[in-house]
Amino acid sequence: MTTTVPTEAAVRQSSPGTASGPRRRPGRIRRIGLPYLLLLPALLLELLVHLVPMVIGMVMSFKELTQFYIRDWTTAPWNGLDNYSVSVDFDAPVGAALLHSFLVTVAFTLLSVALCWFIGTAAAIFMQDTFRGRGLLRALFLVPYALPVYTAVITWVFMFQHDNGLVNHVLHDQLGLTDKPSFWLIGDNSFIALLTVSVWKGWPFAFLIGMAGLQNIPKELYEAASLDGAGLWQQIRRITLPSLRPVNQVLVLVLFLWTFNDFNTPYVLFGKTAPEAADLISVHIYQASFVTWNFGTGSAMSVLLLLFLLVVTGVYLVITSRGRRTADV
């Protein structure tokens, strides 16, 4: 009987730590790099669609770009910070109009976000109970959010008509709440009309997010609170709202950014020239750029709006992160 002594080469091939280690590294690198390779087309598209126009807009804000340089905007002369100084000079007509538009946008955004969050959260809590037809009612609640913006807003345009609109027909003819039919798309009532359409479009998103967040709250907490004698309002205050705090932090930020930058709703509702009471900053910048053909000033206003939103977002994230740490402690 002969015994075969394994050679050094055979031992090296059979050892898992010597030969297989270098062979596994390329495969591991491929596995790690594959997700980034798959994300590369989306990142390039994001770069082309968002970042490149943003950089071009910043460059345009330092130029005296008017209708005389539309054919080749690169030939427009540089004027430094003049566009920014004109925009923030609140004693001048351009700055005063921009400040008024900013204040209108802030008031509109705060009211719209608050109402969307309140209605959406209340509807989500109400929909947690099991009853007949709950699925159909959930689907109906999401219809305003699923409709295209133009289709949804143009319907409200017909409803807000002075002579034959549904709103005046119900408020004046049927209920008698007004002395005469109101003008909803001009004057001070335009702010109410814009807020109504914005809340009607936005609260289903808050409802959807709130309903998803409620699914993560254990039912045992409500059962234990009910056994301890806690009522519905106490359960909502002590269990539901604290549990939804992380969800609401993201929800409020998203609603704020969407509403503050909303252009489609006022543009479809009022056209190129919005009433003074509903002059949102997005439409105001559009008018400064494409109506008066002063793209330099419009670009400066856009950069100022971007800086404002970045500051507000940063402060909001810092405050919410500190609140989360305090709650954890």
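Of the 329 residues in the protein, 33% are buried, that is, under 20% relative accessible area with a 1.4 Å probe and protein chains only. The model is predicted: local features need pLDDT of at least 70 and side-chain atom pairs count only at pLDDT 80 or more, whereas totals for chains, interfaces and linings use all residues. Residues are numbered from 1 along each chain as its sequence is written, and side-chain values use heavy atoms, without hydrogens and water.

The protein has 15 helices and zero strands, taken as DSSP runs numbered from the N terminus (helices H or I, at least four residues; strands E, at least two). Of the contacts (heavy atoms within 4.5 Å) with a separation of 6 or more, 64% join residues 24 or more positions apart.

The mean pLDDT, the predictor's confidence in each residue from 0 to 100, is 85, and 88% of residues reach 70 or more.

Where pLDDT is low, the predicted coordinates should not be read in detail.

Helix 4 packs against helix 9 (residues 189-214) at an angle of about 40 degrees, with the axes 6 Å apart; the axes are lines fitted to C-alpha atoms over the stretch in contact, and angles run from 0 to 180 degrees between N-to-C directions. Helix 4 is therefore oblique to helix 9, the class left after roughly parallel (under 35 degrees), roughly antiparallel (over 145) and roughly perpendicular (65 to 115).

Methods: Buried means under 20% relative accessible area, exposed over 50%, partly exposed in between (1.4 Å probe, protein chains only).
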